[in-house]
Every structure is written in C-alpha cells, then in structure tokens.
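Hi,

Here is the structure I promised to pass on to you. My notes on what turned up in it follow just below.

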Amino acid sequence: MTQGRTTQDYLEDRRQYVARGVSNGHSVITARAENARLWDVDGREYIDFVGGIGVLNVGHNHPRVVAAIREQAELFLHTCFQVAMYPGYIDLIRRLAQRAPIAGAVKGALFSTGAEATENAIKMARSYTGRPAVISFTHSFHGRTLMGMSLTGKASYYKQNFGPFAPEVYHAPAPYAYRGVSSEQALERLHELLRTTVDASQVAAIIIEPVMGEGGFLPIPFDFLRGLRDLCTEHGIVFIADEVQSGIGRTGKFFAIEHSELEPDLIPFAKSIGGGLPISGVIGRAEIVDAPAPGGLGGTYAGNPLACAAANAVLDIFEQEDLLARSVQVGEVLRAGLDRMAARFPQIGEVRGLGAMLALELVEDRSSKTPATALAQKVVEAARERGLLLLKAGMYASVIRVLVPLTATDDDLREGLARLEAALEVATGAVAVGV
C-alpha cells in the first residue's frame with residue numbers, strides 16, 4: 001500500500017477524505033515502528049515520546065505481544081464473550097483482580113475503549129447506589145462519548161456544540177497548586193458544591209484521575225485523595241480512580257492510586273494494558289461490579305480475543321522483565337533531564353508528574369505564569385523536525401507531556417531529551433541570545 005507513495009500523497013488524501021474533526025498532532029505517516037522509535041513512509045526515523053498517547057508502555061511491537069496476537073489469530077478472532085466464552089478474557093480479569101489495590105473480593109468486566117470503561121464504571125456505581133448524580137473535576141478527561149464528554153472538565157476541543165450533555169453530572173475544582181488552587185481550597189469547594197448544588201445523598205460516584213492526563217499531567221495530591229476517600233466512605237459514594245492513562249505501570253506503580261496507599265472502589269483502565277490493541281475494563285469491589293443485572297454490561301467486541309491475548313502478554317512482560325522497576329528508572333532519567341532544562345529555560349514554569357508520567361508547563365514568564373500556548377506549539381514542531389514526537393496537553397495547550405515507552409533504552413531517553421532541549425533552544429531563541 002505504501003510503495004511509491006509519499007507523506008505528501010497521504011496528506012492530500014487525508015484532506016480530501018478524512019473528517020476534519022479527527023485531530024492531526026503530527027503530519028507523520030507511519031510505515032513501521034519498534035520499541036521507542038518509528039519510521040515514516042519517507043524513511044524518516046523518530047524517537048516516540050508520545051507512545052500512542054500512553055498506549056505503548058511496553059513499546060511498539062513488543063515481540064511477546066506480537067507472538068501472542070499471532071498465536072490467538074490462528075485459533076479464532078471473535079466469538080463475542082456473551083455468546084461463547086474464552087480463556088483469555090477470564091484469565092485477564094483474574095490476573096488484574098489479583099493485582100488490584102482493593103481489599104476483599106474483586107471482580108471486573110472488559111470493554112474496548114477508555115470511554116467505555118469510565119461509562120460502565122458510572123453504570124455500576126448508579127446501579128449499586130440507586131443514586132443519579134456523579135461528581136467529576138475541572139481539567140479532567142474521561143472520553144468522547146456522551147457520558148465521557150459530560151464527565152470531562154474541559155470544554156474546548158472536546159465539548160464544542162455537542163450538547164445537551166448527560167444530566168446529573170457536576171464538576172468541582174481540581175487542586176492545581178501551580179495555578180493557586182490548594183488541596184484545602186479544592187476540598188472546601190467540593191463541600192460547598194454538596195451544600196449548595198447536589199446533596200451527598202444523591203451522589204452515586206466521584207471520579208478522578210490520580211494524575212490528570214489531558215488536563216496537563218496534574219498529580220492529585222495525596223491529602224486531597226484522602227479527603228475524597230473519607231467523603232465517599234462517610235456518604236456511601238463510590239470512589240472511582242480513572243487509571244486509563246496513568247495506569248499499567250506508567251508512574252512506577254501498576255496503578256497510580258497505589259502511591260497514595262488508598263483503596264478506590266472501582267478502577268477503569270485501558271490504553272497500555274493492550275500493548276497497542278483496543279481493550280479496556282473496570283475492576284473493583286465485587287458487590288459494586290455485580291450490581292448491574294445480566295445484560296447490563298458487555299459489548300459485541302468487548303474483551304476481543306486478540307486484545308485479551310495481547311493484554312495477557314503485557315502482564316507477562318511486567319512480571320518477567322520487571323517493568324515496574326524499569327518505570328522508576330525511566331522516571332528518574334526523565335526527571336533529571338527535565339529539571340536540568342528548567343534550570344536553563346525560564347519559559348519552563350514547572351516540571352511535574354509522577355514517576356515516568358512527566359510534563360513541562362510552558363509560560364511567557366515565571367512571574368505572571370501566562371500560558372505560553374504558541375511557544376508549546378513551536379517546541380512540538382521544532383522537536384518533530386529533529387526527529388522527536390511530542391504532544392501537548394493542559395487547559396491552554398501549553399504543557400508538553402512525555403509518554404515514552406517504559407521499554408525505551410537509555411540511549412533513546414538521552415537522545416530524546418537532547419532533541420527536546422534543542423527544540424526548546426530554537427523555539428525560545430536561546431541559541432540566538434547565547435543562553
């Protein structure tokens with residue numbers, strides 16, 4: 001299909017045939033990829049610091065994942081689990097349930113996308129509590145379905161004119177220390193919401209990302225998470241930790257919520273569990289997961305056999321290659337490199353994140369903290385020109401996030417950081433002024 005066709009050929013076809021609502025982070029047409037690098041149809045090589053937006057914690061085309069997919073493909077591609085069950089689905093749920101940071105009986109169900117996972121977690125919570133209301137937070141992202149958009153605390157890009165949205169969804173301010181919102185202030189605003197807008201007795205669930213992804217890689221402070229856990233326990237509210245982007249080893253723990261030593265009630269997960277194939281799910285307290293009656297959960301492609309095979313291979317990789325320890329090492333290398341850049345470039349307002357889930361918030365200057373949206377775009381473009389793929393995030397698209405595969409070599413990390421620093425030099429004019 002790619003023989004004789006160039007990037008420009010494909011870009012012209014994209015403009016003519018692909019919906020403009022599908023965003024275009026990079027004008028790169030991929031021909032092949034391996035671990036933390038990919039090559040476009042013109043033969044250009046890139047270091048990948050995006051990882052399929054957090055999908056490739058085990059890297060592109062990990063041999064174990066490819067082998068598992070190939071082996072399953074030779075047996076059968078699809079039955080629909082609700083029609084004829086298969087071992088891969090059951091094995092995967094069992095293994096994830098055994099890893100869950102939740103005491104007591106744990107159950108789960110599989111789906112296809114992160115949005116499906118968060119939506120089904122809400123269904124479980126509403127079924128279990130018999131209550132309608134759900135509380136989410138500003139800066140959050142929970143998907144592009146109707147419920148996903150309703151939960152998402154970011155209007156630009158994602159909500160557009162797609163309303164009306166799902167009812168009984170309320171947003172409270174998320175803690176964001178760099179922008180002046182402390183845990184104490186955010187908890188007070190949440191309690192104010194419960195006093196003025198929706199009574200706690202009507203709230204089925206509170207959902208939060210332990211590290212907010214699209215919101216700009218905001219690690220939620222542990223004292224705030226403890227406040228949420230206490231509130232949920234007091235009022236019988238289901239506490240949902242959305243681990244779609246922060247889970248599966250990204251932060252040095254299998255689930256990011258483990259850093260806080262708190263137990264959520266439900267954990268939606270997706271992205272890197274499939275090693276590149278679409279699969280998601282929810283695990284949690286058995287009595288909550290079991291609340292919907294038969295027929296209330298599922299989907300034709302939910303827990304597809306190929307995706308289950310890939311996901312079980314991902315778990316094997318974590319166990320056999322000690323990938324959680326590697327995640328910690330990757331985070332240390334990245335943090336050291338990004339901190340070094342922050343000391344050099346005053347346009348870096350903050351380096352933040354958890355483990356290997358790290359980001360730079362760019363500002364016009366550190367006094368005003370004015371988001372440097374245009375500068376962030378320049379950095380992304382300059383990095384791409386130097387063979388590094390980056391992606392923006394944050395309310396003002398002024399945050400540069402790093403989601404490099406955890407399997408990246410030390411050489412990949414060092415070279416990627418060097419290319420990022422060179423991009424910052426060009427975008428800020430640092431070379432020209434002799435910084």
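R32 lies over the face of W39, 4.0 Å from the ring centre. I count a charge as over a ring if NZ of Lys or CZ of Arg is within 6 Å of the ring centre and within 35 degrees of the ring normal. K369 is placed in this way too, with its charged end over the ring of Y178 at 4.4 Å from the centre.

Before you read on, please keep in mind that this is a predicted model, in which local features need pLDDT of at least 70 and side-chain atom pairs count only at pLDDT 80 or more, while totals for chains, interfaces and linings use all residues. Residues are numbered from 1 along each chain as its sequence is written, and side-chain values use heavy atoms, with hydrogens and water left out.

Now the salt bridges, meaning a side-chain nitrogen of Lys or Arg within 4 Å of a carboxyl oxygen of Asp or Glu. The structure holds 23 of them. One of these joins R37 to D412, with the closest N and O atoms 2.8 Å apart. That pair links distant parts of the chain, since R37 belongs to strand 2 (residues 37-40) and D412 to helix 13 (residues 410-428), 375 residues apart. Helices (H or I, at least four residues) and strands (E, at least two) are DSSP runs, numbered from the N terminus. R37 counts as buried at 19% relative accessibility, and D412 is buried as well, at 6%. For these labels, buried means under 20% relative accessible area, exposed over 50%, and partly exposed in between (1.4 Å probe, protein chains only).

R344 and E425 also meet in a salt bridge, at 2.7 Å from N to O. Here the link runs from helix 11 (residues 323-344), which holds R344, to helix 13, which holds E425, and the two are 81 residues apart. R344 is partly exposed, at 24%. The bridge between R195 and E188 has its closest N and O atoms 2.8 Å apart; R195 is exposed at 57%, and E188 is partly exposed at 41%. There is also a network of salt bridges that links R179, E350, R352 and E361.

On to the aromatic pairs: rings of Phe, Tyr and Trp (its six-membered ring) pair if their centres lie within 6.5 Å, and planes under 30 degrees apart count as stacked, over 60 as edge-to-face and the rest as tilted. A search of the whole structure finds 8 such pairs. F76 and Y86 form an edge-to-face pair, 5.8 Å centre to centre with 65° between the planes. Both residues lie in the loop between helix 3 (63-73) and helix 4 (87-99), so the pair ties together parts that are 10 residues apart in sequence. F76 is partly exposed at 29%, whereas Y86 is buried at 5%. F81 and Y89 are stacked instead, 3.6 Å centre to centre with 10° between the planes. F81 is buried at 16%, and Y89 is buried at 10%. Ring pairs link F76, F81, Y86 and Y89 into a cluster.

What about the nonpolar cores, that is, sets of buried Ala, Val, Leu, Ile, Met, Phe, Trp, Tyr and Cys residues joined through side-chain atoms within 4.5 Å? The largest has 122 residues, and L362 and V379 have the most contacts inside it. Helix 10 (residues 305-320) gives the most to this core, with 10 residues. Apart from it lies another core of 8 residues, among them V211, L354, M357 and V399. Not counting residues up to four places away in sequence, L362 touches a set of residues including Q347, I348, L375, V379, I400 and L424; contact here means heavy atoms within 4.5 Å.

Beyond its neighbours within four places in sequence, the contacts of V238 include A125, Y128, A204, I206, C232 and I288.

Lastly, two backbone notes. K271 has a positive phi of about 45° although it is not a glycine; K271 sits in the loop between strand 11 (266-269) and strand 12 (280-285) and is partly exposed at 22%. A397, also not a glycine, has a positive phi near 50°. A397 is in the loop between strand 16 (391-393) and strand 17 (399-402) and is buried at 7%.

Best wishes
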